[in-house]
Amino acid sequence: MLTDKEKQFIDYWEKNSAMQASFASKLLRGFPMALLFSLPIALSVIVVKLFFPEWYTKISQISPGMFATVIFAVFVIALFYAVFRMHSKWEHNDEVYKILKSKQNKGQKP
């Protein structure tokens, strides 16, 4: 009743589910996408701060010490995005696995 692709997914998920459930795995696997998401924001703030420092302080109305806080906040948001994205993906895969496993069990019973 199951296609070959569905059987391959069941085998894959049975082998890799526990490994991908850990926080460290989610963080490491999700970090490249999070960097892709946050790097343009951080780079734009850094470029404005380095090349236009007086404009930056006039427009933003913040002290120069807040620059580090902004960069730290972008980094924390990137970490959250990485973990949240991979956790959502893990839960989706787990749900698909449960559905396919149920479908497989129904096909085996007479």
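A residue is buried when its relative accessible area is under 20%, exposed when it is over 50%, and partly exposed in between (1.4 Å probe, protein chains only). The exercises below concern a predicted model, in which local features need pLDDT of at least 70, side-chain atom pairs count only at pLDDT 80 or more, and totals for chains, interfaces and linings use all residues. Residues are numbered from 1 along each chain as its sequence is written, and side-chain values use heavy atoms, with hydrogens and water left out.

**Exercise 1. Salt bridges**

Solution. Side chains of opposite charge can pair when their charged atoms come close. The criterion is a side-chain nitrogen of Lys or Arg within 4 Å of a carboxyl oxygen of Asp or Glu.

Step 1. Lysine 101 and glutamate 14 meet in a salt bridge, at 3.1 Å from N to O. Lysine 101 belongs to helix α4 and glutamate 14 to helix α1, so the pair ties together parts 87 residues apart in sequence. Helices here are DSSP runs (H or I, at least four residues; strands are E, at least two), numbered from the N terminus. Glutamate 14 counts as partly exposed at 43% relative accessibility, and lysine 101 is partly exposed at 24%.

Step 2. Glutamate 6 forms a salt bridge with lysine 103, with the closest N and O atoms 3.7 Å apart. This pair also links distant parts of the chain, since glutamate 6 is in helix α1 and lysine 103 in helix α4, 97 residues apart. Lysine 103 is partly exposed, with a relative accessible area of 31%.

Step 3. In the salt bridge of lysine 98 with aspartate 94, the closest N and O atoms are 3.6 Å apart. Both residues lie in helix α4, four residues apart, about one turn of the helix. Aspartate 94 is buried at 16% relative accessible area, whereas lysine 98 is partly exposed at 49%.

**Exercise 2. Aromatic rings**

State how the rings of phenylalanine 9 and tryptophan 13 are arranged, and why the pair is classed in that way.

Solution. A pair of aromatic rings is described by the distance of the centres and the angle of the planes. Rings of Phe, Tyr and Trp (its six-membered ring) pair if their centres lie within 6.5 Å; planes under 30 degrees apart count as stacked, over 60 as edge-to-face and the rest as tilted.

Step 1. The whole structure contains six aromatic pairs. In one of them, the centres of phenylalanine 9 and tryptophan 13 are 6.1 Å apart and the planes stand at 10°, so the pair is stacked.

Step 2. Both residues lie in helix α1 (residues 4-20), four residues apart. Tryptophan 13 is buried, with a relative accessible area of 1%.

Step 3. Phenylalanine 37 and tyrosine 81 are likewise stacked, at 4.7 Å centre to centre with 20° between the planes. Phenylalanine 37 is in helix α2 and tyrosine 81 in helix α4 (residues 66-108), 44 residues apart.

Step 4. Phe9, Tyr12, Trp13 and Trp90 form one aromatic cluster.

**Exercise 3. Leucine 50**

Locate leucine 50, and decide whether it is buried or exposed.

Solution. 

Step 1. Leucine 50 is placed in helix α2.

Step 2. Its relative accessibility is 61%, so leucine 50 counts as exposed.
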